[in-house]
Amino acid sequence: MLNLSQLGVYGPMKLRGLDPTGVMSVDIRNDEVVTAARLTLNYSYSPALIYQLSHLKVYLNGELVATLPMSKDEADQRVTREIDLDPRLFTDFNRISVQMIAHYTLDHCEDPYHSSLWTDISQDSSLTLTTSDVALANNLALLPNPFFDRHDKRPVVVPFVLPVHADAQVMRAAGVVASWLGSLAAWRGERFPVLNAPPADQHAIAFALPNAQPEGVHLPEIKGPTVLVMANPASPPESGRKLLVVAGRDAKELQLAANALALGQAGMSGDSAIVHEVDLGAERKPYDAPNWVPTDRVVPFKELVTDPQQLEVTGFNPPTIRIDMMVPPDLFAWAHYTVPMDVRYRYTAPSSYNDSVLNVGINDQLLRSDRLKPLNKTGDETHLNVPLLSSTDVPSNEKVPLPGLRVAGNNQLQFQFHIDSQKTGLCVSAATDSARASIDPESTIDFSDFVHYAAMPNLTFFARSGFPFSRMADLADTALVIPDQPDAHEAEAALTLLGRLGGWSGLPALRVAVVPVSAVDSVGDRDLLVIGTGTGNDLLAKWGKSLPMLIQRSQTDLTLRDQHSEGWGWGDRLGGDQAQSVPVGRAVLSSNGPIAAFIGFESPLRGGRSVVALSGTSSAQLDSLLDVLEDNGKVPYVRGDLTVVRDKLVTGLRLGDTYYVGHLPWYAWIWVRISRYPVLMALAGILAGLFVALTVFWALSRLASRRIEG
C-alpha cells in the first residue's frame with residue numbers, strides 16, 4: 001500500500017478553483033505486472049457548492065476511470081471512496097489525476113477564483129496494488145534488474161549470500177557490490193542482510209570460491225573471474241527469483257569480478273561473463289563525488305537536475321520547484337557568511353502590479369519573497385529577450401544571498417511561484433490556464449569562496465553525508481575494520497554502511513580497504529569505520545578510556561560532561577561550545593537492557609584521522625543503528641561525538657576532545673581563533689586602529705618634512 005507521500009505528493013493535495021487538478025505518480029517494476037489496483041481517497045470539500053453540478057473526476061494515464069459525486073449530506077465530514085482501477089491501464093510509469101469540477105452559483109458570471117471552490121485530499125489516501133511476478137531471462141544485459149529497479153521507490157533490500165566464515169577479502173568484494181547497489185539506490189536507502197544460503201522468496205547475490213561456496217549453490221568449474229546470473233536454486237522455477245553470482249578461483253579474482261560488475265556491467269550480456277582485466281582509472285580528487293555540488297567553481301542549476309522540465313511549472317498556484325543539492329559538510333566561510341546564488345526566472349507577466357510573488361527557500365525555510373513585476377511597457381529589451389518564449393513571459397534575475405547557516409549536507413532549494421488573478425470584477429475576464437513560470441537552467445550557485453575546515457568529531461556529518469569517509473568518493477582514504485570472524489549481523493552492518501556511503505557519494509567503494517581487527521595497524525593512515533562488536537569491542541577497549549563511551553557485555557563506561565550548548569549549527573563546526581563543556585568524570589554502569597551507540601573520535605593511530613565506531617551490547621544491536629540511519633526523523637538526533645540508541649530513544653552528546661580537519665590560510669586561522677574570544681577581538685580592533693593611525697601619522701609626517709626641506 002502506497003500513501004500520498006510515496007506517490008510523489010508533498011503534504012495534502014489541495015484542489016482549488018484556479019488549480020483544480022492534483023497528480024500522483026506510481027511506477028511498476030520490470031519483473032512485476034499489476035493484477036488488481038484500488039485507490040482509496042479520503043477527502044473533504046466545500047459546503048458552499050451546488051452539488052448537482054459538482055464532482056471529482058479520476059484519471060489513470062489520461063483515461064477517465066471514475067466520477068465521484070458531491071452531496072450536501074457529506075459536505076461537513078470526511079469522505080472515503082474506494083475506486084477499483086483497471087490493471088490493464090498500468091504501464092511502467094503511471095499518473096493518477098484527480099480533477100475537481102465545482103460550482104457555487106448558477107450565475108453566468110461565476111468567479112472561478114472564488115474561495116468556496118475547494119477540495120482537500122488527505123495524506124492518508126492510498127493506492128493498493130496487487131502484482132504478480134514476471135520471470136525475466138537469465139541475461140546480464142538486464143542488470144541491475146531485478147536486484148535494483150529504478151521504478152521501485154522502496155528501500156533496496158537484497159540478501160548477500162556469503163560462504164561460512166567469510167574473511168576480509170571476501171567481505172571487500174561483497175562491499176564493492178554493496179556500494180554499487182547503494183549508489184544506484186541513492187535516496188531510497190538500502191539494506192543487505194547476510195545469509196549462508198539463498199533465500200526462497202527473494203532475489204539474492206552470492207559470492208563463491210572453489211573451496212568456499214555458499215550452501216545450496218553448486219557451480220561448474222570456475223575458470224576465472226566470473227559474473228553469472230541464474231535461477232535461484234532455493235525458489236520454485238515459476239517464481240522468477242534470480243541469483244547473481246560473483247566468483248573467482250581466489251580472492252584476487254573474486255575482487256576483479258566484483259570490480260567488473262560495478263564498472264563494466266553495461267558491457268555484459270548472456271547468462272555469464274568472464275572478466276579479463278579491469279582498470280579502476282585515475283585516482284580521484286577530494287570532494288569530487290558525483291552526488292556533491294562542485295565547490296571549486298560556479299555551478300549552473302542545469303547540473304543539479306536530471307531533466308530541465310523539473311525547473312518549469314504551469315498554473316496560477318503551481319507546485320514548488322525543488323532542486324536537491326548535497327554539499328560537503330565541512331565547508332567553512334571564514335570571511336563570507338552567505339552563498340551567492342544568481343537566480344534567473346521567467347513567468348507569465350501580470351498586466352499590473354498585484355500579489356504575484358516568487359518565494360525562495362531552502363530546507364523549508366524562507367529566504368526571501370520577490371514580487372513579480374508586470375510587463376514592462378517602456379520597451380526595455382533586457383526584460384523581453386526570451387528565446388523560444390512569447391513576449392509575455394518576462395525574464396528576471398535576482399542575486400539571492402544564501403545564508404551559510406542554513407546549508408547542511410543534504411539540502412533542497414525551493415522556488416514557489418504564485419501568479420495572482422488579473423480579474424478586476426465579475427465578467428471582466430475568464431480564467432485561463434496560460435500561466436507559466438520557470439527557473440532558468442543557467443541560474444547559478446557558488447561555493448567557491450568557502451574552504452574545507454571543521455571541528456571533529458561530528459556524527460551529524462557522518463549521518464547526513466558519510467563525512468569524512470565520503471570526502472574521497474571511492475573511499476580511497478577509508479578502511480572498514482570488521483571483527484576477525486564477523487557474524488551475520490556484523491557482516492550486514494559492514495555491507496549496509498558501504499552501500500550507504502555509495503548512496504551518499506554516487507560511486508562504488510572501489511578503493512576501500514577492509515581489514516580484520518588484528519590487522520588494523522596496517523591501515524593506520526586512513527579514516528577508520530569500525531564495527532565495534534566481537535573483537536571490534538576489544539579494539540575499542542584497547543584504545544582506552546579516552547573514548548567517550550565503552551560498551552561491553554557486562555557494563556558501560558561513560559564520560560560525564562556538562563552539556564551547556566544546545567546549538568549544533570554552523571558555528572558549532574569550529575567547536576565554539578567546547579570551552580564551556582569540560583569533563584567532570586566517568587561513570588561505570590551495569591544494566592540488563594540492550595544499548596547501541598555511534599562513537600566518533602580521533603584515530604589513535606594517526607593524528608587528524610577520524611574513527612566512527614558502531615558499538616553495542618551484542619551484534620544484534622547493530623540493526624538498531626542501521627535503522628536510525630534509514631529514518632529521516634531520527635537522523636537529526638545523531639550528533640556530537642556520541643549518539644546512544646536505546647530502543648526508540650536516540651540521544652546525541654558531546655563528550656570527547658575536539659580536533660580539526662581541513663586547512664585554513666594563516667590569516668583566516670588567526671581570525672577564527674580570535675573571533676572565539678570577544679576580549680581579544682576588541683584588543684585586536686584597538687591594535688589595528690592604532691596601527692592604521694600610526695601609519696597615517698608617519699606618512700603625513702614624512703610628507704610634511706619633505707615640504708619643509710624643499
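Mentor: Before we start: buried means under 20% relative accessible area. And keep in mind that this is a predicted model.

Trainee: Got it. So is Glu-190 buried or exposed?

Mentor: Buried, because its relative accessible area is 1%, and the cut-off is under 20%.

Trainee: Where is Glu-190 in the fold?

Mentor: Glu-190 is part of strand E13, which covers residues 190-191.

Trainee: Which side chain does Glu-190 make a polar contact with?

Mentor: Arg-500, with 2.5 Å for that side-chain pair.

Trainee: And what else does Glu-190 touch?

Mentor: Leaving out residues up to four places away in sequence, its contacts include Val-156, Thr-496, Gly-499 and Glu-630, plus Gly-182 and Ala-185.

Trainee: Let's move to helix H1. How many residues does H1 have?

Mentor: H1 has 18, running over residues 168-185. From first C-alpha to last, H1 reaches 25 Å, close to the expected 26 Å.

Trainee: How many of the residues of H1 are buried?

Mentor: 16 of the 18, so H1 is largely enclosed by the rest of the structure.

Trainee: What goes on at the ends of H1?

Mentor: Asp-167 caps the N-terminal end, with a side-chain oxygen 3.2 Å from the backbone nitrogen of Gln-169. Just after the helix, Ala-186 has a positive phi of about 55°.

Trainee: New topic: which residues form the nonpolar patch on the surface?

Mentor: Val-679, Leu-683, Ile-686, Leu-687, Leu-690 and Leu-694, together giving about 620 Å² of accessible area.

Trainee: Where is Leu-683, and how does its accessibility count?

Mentor: Leu-683 sits in helix H8, residues 678-709. Leu-683 counts as partly exposed because its relative accessibility is 45%.

Conventions:
Residues numbered from 1 in each chain as written. Predicted model: local features only at pLDDT ≥ 70, side-chain atom pairs only at ≥ 80, totals over all residues. Heavy atoms only, no water. Patch = residues over 30% accessible without salt bridge, like charges linked within 9 Å, V, L, I, M, F, W, Y side chains within 5 Å. Areas by Shrake-Rupley, 256 points an atom, 1.4 Å probe, with all protein chains shown as cover. Salt bridge = Lys/Arg side-chain N within 4 Å of Asp/Glu carboxyl O. Helix = DSSP H or I, 4+ residues; strand = E, 2+ residues; numbered from the N terminus. Buried < 20%, exposed > 50% of the residue type's maximum accessible area, 1.4 Å probe, protein only. Polar contact = N/O pair within 3.5 Å; in protein donor to acceptor, adjacent residues only side chain to side chain. Contact = heavy atoms within 4.5 Å. Expected span 1.5 Å × (residues − 1).
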